[in-house]
Amino acid sequence: MAEYSNDDFPMVRYVPYMGVIWTVAEAAKLGFVNGHPDWCNVGQGQPEVGELPGAPSRILNVQMQPQDAAYGPIGGSLEVREAIADWVNRTYRRGMSQITPDNVSFAAGGRLALTRIYNVFREGTRIAYKNPDYTAYEDYLWPLRRCCELIELRAKEESGFSVPDDEFVSFMHQTRPEAFIFSNPCNPTGQVIQGESMERYLDAARKERCLMGADEFYATFAYNPDGTPAKSAVSILPYVKDIDRDPYLSFDGLTKGFRYPGWRAGWAVGPKYLIEMINRAASAVDGGPSTTV
């Protein structure tokens with residue numbers, strides 16, 4: 001295939017592959033494909049090893065109906081949103097006010113769920129971001145740099161690339177961002193905000209009226225140093241007091257904890273008004289998910 005330069009298409013910026021996608025693209029040039037006996041992808045929810053002892057059975061077949069070929073609801077079907085709300089309540093909200101399907105927006109993958117929220121910010125929004133953090137965030141923020149104010153929160157090496165809650169509270173008070181989205185546990189550092197620290201994070205967001213979005217795709221992989229599951233929840237969801245007024249969003253999906261990365265199934269959980277705005281953005285950004293997931 002012929003090679004072209006930026007001089008041929010000056011209206012297009014040079015776009016690098018994001019993170020591990022570059023590695024996969026380079027490996028594909030050398031013969032990598034999923035399932036190849038001489039290769040193993042250890043990123044992106046891989047490798048797929050089939051059934052695991054003691055794990056839930058795998059879904060291997062989907063029966064489709066004629067109506068499944070039609071467009072579905074922008075935010076996902078009621079059945080899917082009910083299932084997500086039920087899982088969230090069982091996992092994070094026992095004995096608390098309950099998440100409803102109207103608090104859930106379903107998308108064709110976690111990146112798309114995140115893309116939707118970045119498309120609802122008004123012009124001039126002060127958006128804080130942590131560095132280092134998930135590499136895709138840089139691409140989400142790039143088109144916003146002309147219309148929004150971007151504020152860096154640098155995680156320091158001496159703190160293990162984490163941001164202690166005292167430092168976060170001070171940052172929020174001094175810079176007063178209107179939105180802050182971060183991965184937790186952090187991809188790529190592995191640092192975790194949980195328990196009392198997460199409670200302080202969200203409390204600071206309430207006081208400063210800052211929308212705090214927690215990308216929680218690895219939240220079910222949190223363990224103590226001795227290998228036992230973490231007792232204090234990593235998710236932001238147990239610390240939400242008012243599910244329709246608190247400034248929060250939780251992003252998750254089937255990729256990591258459920259081991260279905262190729263299904264491209266992700267969601268956002270948050271106040272009903274935010275979910276409605278996200279779905280309206282989806283009507284232009286992506287048109288809604290498949291009805292078969």
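Phe 171 lies in helix H5, where helices (H or I, at least four residues) and strands (E, at least two) are DSSP runs numbered from the N terminus. The model is a predicted one, in which local features need pLDDT of at least 70 and side-chain atom pairs count only at pLDDT 80 or more, while totals for chains, interfaces and linings use all residues. Residues are numbered from 1 along each chain as its sequence is written, and side-chain values use heavy atoms, with hydrogens and water left out.

With a relative accessible area of 9%, Phe 171 is buried; buried means under 20% relative accessible area, exposed means over 50%, and partly exposed is in between, for a 1.4 Å probe and protein chains only. Leaving aside its neighbours within four places in sequence, Phe 171 is in contact with Ala 128, Ile 151, Glu 152, Leu 153, Arg 176 and Pro 177, contact meaning heavy atoms within 4.5 Å.

The view can now widen to the whole helix. In H5, which covers residues 165-175, Phe 171 is buried together with Asp 165, Phe 168, Met 172 and Thr 175. These residues are on the same side of H5 because they cover an arc of only 120° around the axis, the arc being that of the directions from the helix axis to the C-beta atoms. On the other side of H5, Asp 166 and Gln 174 are exposed. The buried residues of H5 pack against strand S2 (126-131), strand S3 (149-154), strand S4 (179-183), helix H6 (195-208) and strand S5 (211-215). H5 is followed by Arg 176, which has a positive phi near 50°.

Several of these strands belong to an open sheet of seven strands, in the order S1-S7-S6-S5-S4-S2-S3 and with mixed pairing; two strands pair if DSSP finds at least two bridges between them. Strand S1 (104-107) and S3 stand at the edges with a single partner strand each, so one side of each is left without a neighbour in the sheet. From one strand to the next, the twist averages 20°, where axes are lines fitted to C-alpha atoms, for helices over the stretch in contact, and angles run from 0 to 180 degrees between N-to-C directions.

Within the sheet, S5 and S6 pair in the parallel sense over four bridges, and Gly 213 stands opposite Leu 249 in S6. Helix H2 (residues 78-92) packs on the sheet, touching S1, S6 and S7, and its direction makes about 120° with that of S1. Helix H6 also packs on the sheet, where H6 touches S4, S5 and S6, and the direction of H6 makes about 145° with that of S5.

S2 and S3 likewise pair in the parallel sense, over six bridges, and the bridge partner of Ala 128 in S3 is Ile 151. The chain passes from S2 through helix H4 (residues 136-141) to S3 in a right-handed β-α-β crossover, a crossover being right-handed if, with the strands pointing away from the viewer, the path from the first strand over the helix to the second runs clockwise.

The loops hold some details of the backbone. Most residues other than glycine have a negative phi, and most peptide bonds are trans. In the loop between S2 and H4 lies Pro 132, which is joined to Asn 131 by a cis peptide bond with omega about 5°. Pro 185 is found in the loop between S4 and H6, and the peptide bond from Asn 184 to Pro 185 is cis, with omega near -5°. Phe 161, in the loop between S3 and H5, has a positive phi near 65°, and Phe 161 is partly exposed, with a relative accessible area of 33%.

The axes of helix H3 (residues 110-118) and helix H7 (residues 272-285) come within 8 Å and cross at roughly 105°. H3 and H7 are therefore roughly perpendicular to each other, given that angles under 35 degrees count as roughly parallel, over 145 as roughly antiparallel, 65 to 115 as roughly perpendicular and the rest as oblique. On the H3 side, the contact is made by Leu 112, Thr 115, Arg 116 and Ile 117, and on the H7 side by Ile 278, Asn 279, Ala 281, Ala 282 and Val 285.
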